[in-house]
Amino acid sequence: MNKVRVIATDLDGTLLHNRSTISKKNLIALKRFICDGGIVCFVTGRCFVSAKSHADKFYSKTGCKIHFLSCLKGAVLYDNIENKFIYQRIMSANITSKILAISKQTKCCFAAYFEKDIYNKNMWIYGNNKIVWLLNKIRILPNCLTIADQDTNEASYKINISGFKFNLSIFKQLKALQNCYQQIKSKLGGEIDIAKTSKYMYEITSKNSNKGIAIKTISELLKIDLNEFAAFGDSANDIEMMKLVGLPIAIGNKNCNLNKIVKHSTQGLQKNAVGKAINKYIYLGKK
């Protein structure tokens, strides 16, 4: 295996403890890697403001900078050293409107990060607001605003579609979600990227927006081969990233599709898993 020069890590379910903090052991391991000349990137489904906040907290605690932030499942790429956006890829208002219409027709919930909200954490919700409960299980709750019972005329970075409703049986929830997914895929499959992130939710971005494309772009910008990258993740939206890097590591073993393609998976508590994996697989246990 080539020497690892870049670490790309997911946040929720991977690096963050209780979806809000980076543990001391994870901080120490990442700081050591950066001080040894390595580069660390956050690759997350979170919005830009949330990812930037965690990068800033990391700097305040370690004195080291996270180099790149890939946010909203690859829809946004930001150079945190140069303080500039590399790209922002959006779904047009027309595509956003069509996804909302299909969500309404299939009685699924719709939650979107609109283009106008890049500098805040607003997420716009249509449907049963119990989707907020599910979103909070996955990441720190954004500012949830309700879309009126009408069409939307906003371009979007990312849309979450959920079949999750407390007043429906699990069977009906999953059936509604599968119906929604099939219709979106059939009508818009050539214009979007869609990934299943949990039993009850899909994540939708523009066609050229996923974590794999973000990692490939970072590799080209740094002029560092992807075989010299390590990646950490825990869910299906990390698969495109994991396929490309030389050292893919799953945090936990809850996602069987992810575990089929990684070289290693961690066991036990997630809190310090990234730090332990860095010490074990990148530094090979050397103190």
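**Exercise 1.** What should the 15 residues of helix α3 (residues 48-62) span at 1.5 Å a residue, and how far apart are its end C-alpha atoms?

*Solution.* The model is predicted; local features need pLDDT of at least 70, side-chain atom pairs count only at pLDDT 80 or more, and totals for chains, interfaces and linings use all residues. Residues are numbered from 1 along each chain as its sequence is written, and side-chain values use heavy atoms, with hydrogens and water left out.

Step 1. Helices (H or I, at least four residues) and strands (E, at least two) are DSSP runs, numbered from the N terminus. The expected span of a helix is 1.5 Å times one less than its number of residues, so the 15 residues of α3 should span 21 Å.

Step 2. After α3 comes G63, with a positive phi near 80°.

**Exercise 2.** Determine which salt bridge K211 forms with D10, and where the two residues lie.

*Solution.* Step 1. A salt bridge is a side-chain nitrogen of Lys or Arg within 4 Å of a carboxyl oxygen of Asp or Glu. By this rule there are nine salt bridges.

Step 1. In the bridge between K211 and D10, the closest N and O atoms are 3.1 Å apart. This pair links distant parts of the chain, 201 residues apart: K211 is in helix α7 (residues 211-222), and D10 is in the loop between β1 (6-9) and α1 (11-15).

Step 2. Both K211 and D10 are buried (under 20% relative accessible area, with exposed over 50% and partly exposed in between; 1.4 Å probe, protein chains only). A network of salt bridges links D10, K211 and D238.

**Exercise 3.** Describe the surroundings of N272.

*Solution.* Step 1. N272 lies in the loop between β16 (264-265) and α10 (273-282). Its relative accessible area is 16%, so N272 is buried.

Step 1. Neighbours within four places in sequence aside, N272 is in contact (heavy atoms within 4.5 Å) with S23, K25 and N26.
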